[in-house]
Amino acid sequence: MGLNSFQLKCIAVITMIIDHTGAVLFPGNMTLRYIGRIAFPIFCFLLVEGFFHTRDVRKYMLRLGMFAVISEIPYDLAFRDTVIEFEHQNVFFTLFIGVVMMYVLEKGREWPIKAAEVFLAMWAADFLCTDYRFKGIILIAVYYFLRRDGWAKHAAGVVWNLLWNGSVQMYGAAASVFLALYNGEKGMSMKYFFYLFYPLHLLVLYIVHHFVL
């Protein structure tokens, strides 16, 4: 019963497609953006789960970093209509910083040091202008520190979404409904499909926007 990791990834990918389709092709349709807010909290939750279940954290970081670089041109084409710019970086950079943060936190230092490490990761996300910036790192940290606290992490996730006053991100609170159904199982493994899908779907949206519509 419940939802496994693969099923959660599918929900995140579908809602991400809806979100990006709205942003690129139908910017006036906010309903698509509301639905799309569900994706990021699920990706952050699965990032933390993946961190604790991966056999090689360094390879995990390498994959995220590699696809962050690969995805940047498709991201800029789709959302900025240019080959490359540095004012806003894709979400893989946020996830990469999040994994680096967790890797450092796992070294077992005392709380004042751990707090400084989280703030450093938040600063890095803001400095690099990654998607969701420091707020994205906060959500990853929430799921990391509350991973074994059951409903506390889902409640905290809801609060994180609702703190975006006047923002469409408040609709992302619905992600906690799906996350609460997580059964801890992996499910089908299509690891590289999800990595490759991100830059590929952005290229498709760019092509459709410029050469089809």
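Tutor: First, a definition: axes are lines fitted to C-alpha atoms, for helices over the stretch in contact, and angles run from 0 to 180 degrees between N-to-C directions. Keep in mind that this is a predicted model.

Student: Fine. At what angle do α5 and α6 pack?

Tutor: About 165°, with the axes 10 Å apart. Helix α5 covers residues 91-105 and helix α6 covers residues 111-127.

Student: Why call that roughly antiparallel?

Tutor: Because angles over 145 degrees count as roughly antiparallel, α5 is roughly antiparallel to α6.

Student: Is the crossing left-handed or right-handed?

Tutor: Right-handed, as α5 passes α6.

Student: Which residues make the contact?

Tutor: From α5, Ile97, Met101, Val104 and Leu105. From α6, Lys114, Glu117, Val118, Ala121, Ala124 and Ala125. By class, that contact has eight nonpolar, two charged and no polar residues.

Student: What else does Met101 touch, beyond its sequence neighbours?

Tutor: Leaving aside residues within four places in sequence, Met101 contacts Glu117, Val118, Ala121, Ile137, Ile140 and Ala141.

Student: And the largest nonpolar core: which members touch the most others?

Tutor: Ile42, Val99, Met101, Met102 and Ile140, out of 59 residues. Elements giving two or more residues to this core include α1 (5-24), α5, α6 and α10 (191-212).

Student: New topic. Where is Ser176, and is Ser176 buried or exposed?

Tutor: Ser176 sits in helix α9, residues 175-179. Its relative accessible area is 7%, so Ser176 is buried.

Student: What does Ser176 contact?

Tutor: Setting aside neighbours within four places in sequence, Ser176 contacts His154, Gly157 and Val158.

Methods. Residues are numbered from 1 along each chain as its sequence is written. This is a predicted model: local features need pLDDT of at least 70, side-chain atom pairs count only at pLDDT 80 or more; totals for chains, interfaces and linings use all residues. Side-chain values use heavy atoms; hydrogens and water are left out. Helices (H or I, at least four residues) and strands (E, at least two) are DSSP runs, numbered from the N terminus. Buried means under 20% relative accessible area, exposed over 50%, partly exposed in between (1.4 Å probe, protein chains only). Contact means heavy atoms within 4.5 Å. Angles under 35 degrees count as roughly parallel, over 145 as roughly antiparallel, 65 to 115 as roughly perpendicular and the rest as oblique. A crossing is left-handed if the near helix is turned anticlockwise from the far one by less than a right angle, and right-handed if clockwise. Ala, Val, Leu, Ile, Met, Phe, Trp, Tyr, Cys and Pro count as nonpolar, Asp, Glu, Lys and Arg as charged, and the others, Gly among them, as polar. A nonpolar core is a set of buried Ala, Val, Leu, Ile, Met, Phe, Trp, Tyr and Cys residues joined through side-chain atoms within 4.5 Å.
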